[in-house]
Amino acid sequence: LRLRPDRVAMQDATAQMAMLQFISSGLPKVAVPSTIHCDHLIEAQVGGEKDLRRAKDINQEVYNFLATAGAKYGVGFWRPGSGIIHQIILENYAYPGALLIGTDSHTPNGGGLGAICIGVGGADAVDVMAGIPWELKCPKVIGVKLTGSLSGWTSPKDVILKVAGILTVKGGTGAIVEYHGPGVESISCTGMATICNMGAEIGATTSVFPYNHRMKTYLNKTGRAEIAKLAEEFKDHLVPDPGCQYDQMIEINLNELKPLINGPFTPDLAHSVAEVGAVAEKEGWPVDIRVGLIGSCTNSSYEDMGRSAAVAKQALAHGLKCKSQFTITPGSEQIRATIERDGYAQVLRDVGGIVLANACGPCIGQWDRKDIKKGEKNTIVTSYNRNFTGRNDANPETHAFVTSPEIVTALAIAGTLKFNPETDFLTGKDGKKFKLEAPNADELPHTNFDPGQDTYQHPPKDGSAQRVDVSPTSQRLQLLEPFEKWDGKDLEDLQILIKVKGKCTTDHISAAGPWLKFRGHLDNISNNLLIGAINIENGKANSVRNAVTQEFGPVPDTARYYKKHGIQWVVIGDENYGEGSSREHAALEPRHLGGRAIITKSFARIHETNLKKQGLLPLTFADPADYNKIHPVDKLTIQGLKDFAPGKPLTCIIKHPN
């Protein structure tokens, strides 16, 4: 498909490279409405205000670049502290029938408002900002029919946790998930957004809900009554057509759905909350919960905070506080200000919580965690979306589980995975046993939202006089130089940099956390290339054989050695290679360090596209079993490139050293 999106949104970690690419285009102004959102560079340490001040100081150079580039090229700028990109989009920009792309994999969050919102890499965003049609392989449509209604401890999060358990992390690849059926009516607009948001974890192109009265109410409450009126007028276009056929169909009875908790190490390993404690004991996972964390772009709405506060109030009434550490991340400045006004934030503090900045924080590894040492086995529970190895705190021994905010709160109060709030009792300060009642909370505030501080910078009508400076000595920002053009010949004698064993997400390929500060400097961030990937040759991360010296060393160092000596290289990957984030750095880095191709059993959609956009060949084995024929010491020649035609397979010649 060649599409014309209505809008582009970029978070600050990916916006740096996107804006650097747009600058290199030489165009004076973006062709469609676009915004930058500062949410990824704020590290959680001690609490919201202090962490925000520290982030503004540390990241001043990057924030200044993004603000001035936005002003010059006509891009709106949401300052640090505004909130998480997807919550800001839901509150301001998404609407029924919109087509929006965002440089973050959880952009589908906007499907909760009936919008088609799709996560892309920066180069795709630059195409749209430059007025070039955006190309997307026409997706299939998976229908999820919801019957019954949500009640008790069951929440919208449980719907997507159930779907993830059914479809797995790659079952939605190349498809839009369309939710429908009578059960939709029992889900709030922000609850629908939660479900669409985490559709990224099943590889879906996006997810969407049909327009209904819940969306109308949310639009009215967020100051967009005129859009609600238009949506009502054209609602026949915003719901499934009668008798439409889906490529695949799943049916979930919400009356029978129980609270779920998924993990560890992958978001599709689903357990019921009632059973996870026993499973953990059997598997040797720690059952004591060290930290409970609520918030993130997936679950930080007013309703989420209200349901969590309802659980916390019950504990406080019996003299209890959280046994585990407990953190709260508001989704936006509007949410923060409103939950402060309405008392939710104080209740969550009283039960032992720390309110963090309106930002991504621990969800993306921006967490200066002090309570454990690296390598220490421990368990955390979150209302986040991903739980890959080391994602939240860079500790490969942290067992992270994802669930709803209210279940996180209950488990943090109990301090153990063995607690089931539906059936188990807690002991109050007076020694009496009591049971937590299922939480109830308002979907939206009774009065209007409190907007909080004004954190938006609108671009001037004419920004042509605005200077955008990038220092040649900067360690955070670097202007881009064109990559070397392909010579039109087949690729011969490619050295294998690494043959990856098992799961290899974009976190494995280009880690976040402390590396986020280099997202605008291609050469510096390339020092994290594939440092999390497991080498099949020795079962270790960041340890590969240099084919010339025969010594083992870090992956980036070996790649730089090959580049310096004119040796072109290739990566061999497993299933669903590149799942997770939309970060195009996972494609830019191997290209920058001399890579020519990535050969896998299968790819995640966004990463495959990013590789193509940066001139790296994303190739898949015609027979996945051929993965086993290649050894790390082999050299590969890829034939058929110079005579390539669509549908014609390429040939890979394997050259063994002997």
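Strand β22 (residues 491-499) runs parallel to β27, the two being paired over four bridges; two strands count as paired if DSSP finds at least two bridges between them. Helices (H or I, at least four residues) and strands (E, at least two) are DSSP runs, numbered from the N terminus. The model is predicted, with local features requiring pLDDT of at least 70 and side-chain atom pairs pLDDT 80 or more, while totals for chains, interfaces and linings use all residues. Residues are numbered from 1 along each chain as its sequence is written, and side-chain values use heavy atoms, without hydrogens and water.

**Strand β27 and its partners**

- Q495 has W569 of β27 as its bridge partner.
- Strand β28 (residues 595-600) also pairs with β27 in the parallel sense, over four bridges, and V570 stands opposite A597 of β28.
- From β27 the chain passes through helix α18 (residues 585-592) to β28 in a right-handed β-α-β crossover; right-handed means that, with the strands pointing away from the viewer, the path from the first strand over the helix to the second runs clockwise.
- Within β27 (residues 569-572), W569 and V571 point one way and V570 and I572 the other, and all are buried, that is, under 20% relative accessible area with a 1.4 Å probe, protein chains only.
- In a regular strand, side chains alternate between the two faces of the sheet.

**Annotated region**

- UniProt, in an unreviewed entry, lists residues 495-623 as "domain: Aconitase A/isopropylmalate dehydratase small subunit swivel"; such annotations may be inferred rather than shown by experiment.
- Over residues 495-623 the chain is 27% helix and 21% strand, with its end C-alpha atoms 21 Å apart.

**Nonpolar cores**

- The largest nonpolar core has 140 residues, and M10, M19, L146, Y179, F209, F326 and L417 have the most contacts inside it; a core is a set of buried Ala, Val, Leu, Ile, Met, Phe, Trp, Tyr and Cys residues joined through side-chain atoms within 4.5 Å.
- A second, separate core of 22 residues includes V544, Y577, A587 and L616.

**Two buried threonines**

- T409, in helix α14 (residues 405-414), is buried with a relative accessible area of 0%.
- The side chains of T409 and S308 make a polar contact at 3.5 Å, meaning a pair of N or O atoms within 3.5 Å, one able to donate a hydrogen and the other to accept it; residues adjacent in sequence count only if both atoms are side-chain atoms.
- T68, in helix α3 (residues 60-73), is buried with a relative accessible area of 11%.
- A polar atom of the T68 side chain lies 3.1 Å from the backbone oxygen of F65.

How values were computed:
Buried means under 20% relative accessible area, exposed over 50%, partly exposed in between (1.4 Å probe, protein chains only).
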